[in-house]
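Morning, everyone. I have one structure to walk through today. Please bring it up on the screen.

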Amino acid sequence: MWTIAGYGLREALRRKVFVVVCLLTVAFLLLYWMGNRYVFNHVGEIVPPAGIDAQTFAGAFLFGMAMFGTLFLGVVLAVFLTLGVVRGDAERGLLQPLVVRPIGRSTVLAARFLGAGAVCVPYVLGVYFATMVLTGLEGSWWPDRIVTPGLELAGAVLLVAALSLLGSVFLSGIANGIAVFMLFGAGLVAGLLDNIGHVLNSGGLVHAAKIAAWIVPFEALYQDALRTITENTSGLTGFLLRLGPFGGAEQGGVALRLWAIAYLGIVGALALAGFARRDL
Amino acid sequence: MYARRVTAALAVSGLAKRYGAVEALRGVDLEVGEGELVGLLGPNGAGKSTLVKIACGLVRPSAGHAEVCGARAGSREARAAIGYLAEFFRFPGWTSADELLGLHQRLTSSDGGERERADLLELVGLDDARERRVEEMSKGMQQRLGIAQALVRSPRLLLLDEPTSALDPVGRRTVRTLLEELRRRGISVLLNSHLLSEVELVCDRVVILLAGKVVSAGAPGDLARPRGVEIETDAGTRRYADAGRDDIPALVAELVRDGRSVYGARVLTSTLEEVYVEAVGGESR
């Protein structure tokens with residue numbers, strides 16, 4: 001298992017995936033730091049709705065945006081590390097020499113998931129904490145919960161990686177990449193519908209958006225992560241902050257986390273079953 | 001007194017495989033004995049690669065069964081006993097020859113270490129390309145590296161699917177010598193190849209597939225049919241289509257009686273190529 005996981009990591013390293021990702025992430029963090037500096041240097045010019053603290057408003061919105069950016073970068077990384085693991089690699093003739101070895105198919109799949117997780121989880125946590133520190137140092141604003149939102153973002157990216165692996169069993173690399181990004185987009189739409197539902201005070205729309213987010217629980221985890229950064233903020237400030245810049249904050253709690261774990265298990269089982277039956 | 005059952009390296013019985021409407025294999029029976037080198041021939045689409053893929057567990061049969069060294073094909077025990085080189089394969093371009101073999105050593109739990117890697121690279125004539133990356137190798141070198149990876153941890157059964165398709169004549173001779181060496185070591189080989197001359201030279205037995213069925217099987221010498229006798233005289237070469245080896249003394253005596261000088265006589269038999277063309281009915285796809 002560790003041999004295959006290490007093989008995946010070495011491939012990413014040798015193909016300079018990490019170099020490119022690190023350079024682009026530094027660019028993202030630089031831009032984010034500039035945005036923070038500009039916003040907090042001019043925070044007095046921000047005129048939020050009456051009764052809202054401008055510092056909290058700016059900090060939470062900036063960090064919420066950074067969380068979306070972190071999720072998006074993590075998802076891009078996860079998808080590109082996994083989109084061709086089965087069918088893509090089989091079509092290129094890379095997979096067959098590995099799966100005829102005694103380790104077997106299930107180990108290959110699990111190891112590739114572990115390999116992707118070993119890259120994506122530290123990456124997401126690293127970017128999450130870096131953006132948090134930038135906002136904290138520039139604007140003296142810190143989220144209500146420090147660790148939980150980061151873990152939920154990492155969990156969301158792991159779910160996308162698992163879905164991408166499942167897709168790779170049945171779809172060619174490009175088709176799988178498109179499918180997973182469209183699924184990710186569908187999750188974002190669910191978040192936006194939730195926003196609209198709250199603004200229009202439409203309980204039905206909010207309920208539908210919540211069901212949609214739970215069908216793709218990476219979105220529900222992201223919404224819960226957004227909620228936890230302003231968990232202790234209440235009243236109008238809390239209401240406005242929870243609308244969020246890219247999808248609304250929504251409570252998930254323990255039930256969501258358990259569902260996310262179960263979902264990961266279901267997706268993993270489907271991927272293993274599909275891979276076991278697939279002719280290569 | 002008791003009869004001890006000798007387990008074949010590969011035993012295939014009633015094997016069938018259907019891809020949608022296409023029947024790739026239609027009840028194939030085949031056996032590769034311990035230490036035997038069997039050539040698998042047939043036109044494109046005959047089912048050769050499908051048969052090899054079923055043997056190594058990449059494809060599931062629709063009917064029938066296949067066993068590798070007594071274990072169900074595709075099982076962990078069967079996979080531990082085989083070495084496989086696919087017809088269309090690719091190794092990661094970023095790995096060196098040595099790293100690739102090291103990876104396969106770990107995957108097979110081989111304890112051969114550096115010595116085994118060096119021996120294998122030497123065996124396939126890549127001993128000077130140990131640190132060369134796959135992406136810097138020619139297709140022929142990659143094919144030889146593929147054979148080396150298939151031989152990691154000395155498999156009991158080697159499944160080679162078109163192993164010489166990208167090799168030049170010297171490379172093919174290297175592989176031929178290698179196959180003879182493997183036979184000497186007692187490794188069973190199923191060789192899927194279009195190169196009839198090579199199959200004829202190295203294989204103990206030949207199996208010809210056509211449209212998913214075995215249409216001919218046997219030792220190359222047994223498959224060859226007598227095609228008469230040819231005698232070289234001072235008046236030119238004479239051919240006796242119905243004669244056999246036993247007729248040569250009488251034919252020579254008769255020619256000498258007639259005042260002819262005889263320089264040589266040989267029995268004519270059909271080549272494997274002729275046997276093959278006859279078996280597949282000239283079919284080519």
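Let me start with a definition: two residues are in contact if their C-beta atoms, placed from the backbone, lie within 7 Å. Now the ground rules. This is a predicted model, where local features need pLDDT of at least 70, side-chain atom pairs count only at pLDDT 80 or more, and totals for chains, interfaces and linings use all residues. Residues are numbered from 1 along each chain as its sequence is written, while chains are lettered from A and ligands numbered from 1 in the order in which they are written.

Chain B, then. Among its contacts between residues at least 6 apart in sequence, 68% join residues at least 24 apart. The C-alpha trace of chain B spans about 75 × 50 × 45 Å along its principal axes. Chain B has 285 residues, and 40% of them count as buried. Buried means 20 or more other C-beta atoms within 10 Å of a residue's own; exposed means 12 or fewer; partly exposed is in between, with C-beta atoms placed from the backbone.

How many helices and strands does chain B have? Ten helices and 13 strands. Those are DSSP runs, numbered from the N terminus: helices are H or I with at least four residues, strands are E with at least two.

Next, a sheet. Four strands of chain B form an open sheet in the order β2-β1-β4-β5, with antiparallel pairing. Two strands pair if DSSP finds at least two bridges between them. At the edges sit β2 (22–32) and β5 (71–72) of chain B, each pairing on one side only. Strand β1 (residues 10–19) of chain B pairs with β2(B) over eight bridges, in the antiparallel sense. Look at B:Arg18: B:Glu23 in β2(B) stands opposite.

What lies across this sheet? Helix α1 (residues 48–55) of chain B lies across β1, β2 and β4 (63–68) of chain B. The helix runs at about 120 degrees to β1(B). That angle is taken from 0 to 180 degrees between N-to-C directions, with axes as lines fitted to C-alpha atoms, for helices over the stretch in contact.

Further along chain B, look at β11. Strand β11 (residues 226–233) of chain B runs antiparallel to β13 (residues 262–269) of chain B, joined by six bridges. There, B:Val229 has B:Val267 as its bridge partner. Strand β11(B) also runs antiparallel to β12 (residues 236–240) of chain B, through five bridges. A hairpin of two residues connects β11(B) to β12(B). B:Thr233 and B:Gly236 are bridge partners in that pair.

Most residues other than glycine have a negative phi. A:Ser140 has a positive phi of about 55 degrees, although it is not a glycine. A:Ser140 lies in the loop between α6 (105–139) and α7 (148–170) of chain A. Is A:Ser140 buried or exposed? Exposed, because A:Ser140 has 10 C-beta neighbours inside 10 Å.

B:Ser154 is a residue other than glycine with a positive phi, near 40 degrees. Its loop runs between α5 (139–150) and β7 (157–161) of chain B. B:Ser154 has 16 other C-beta atoms within 10 Å, so it counts as partly exposed.

Last, the interface. In contact are 18 residues of chain A and 22 residues of chain B. On the chain A side, α1 (2–14) and α5 (96–99) each supply at least two residues. α1(A) gives the most, with four residues.
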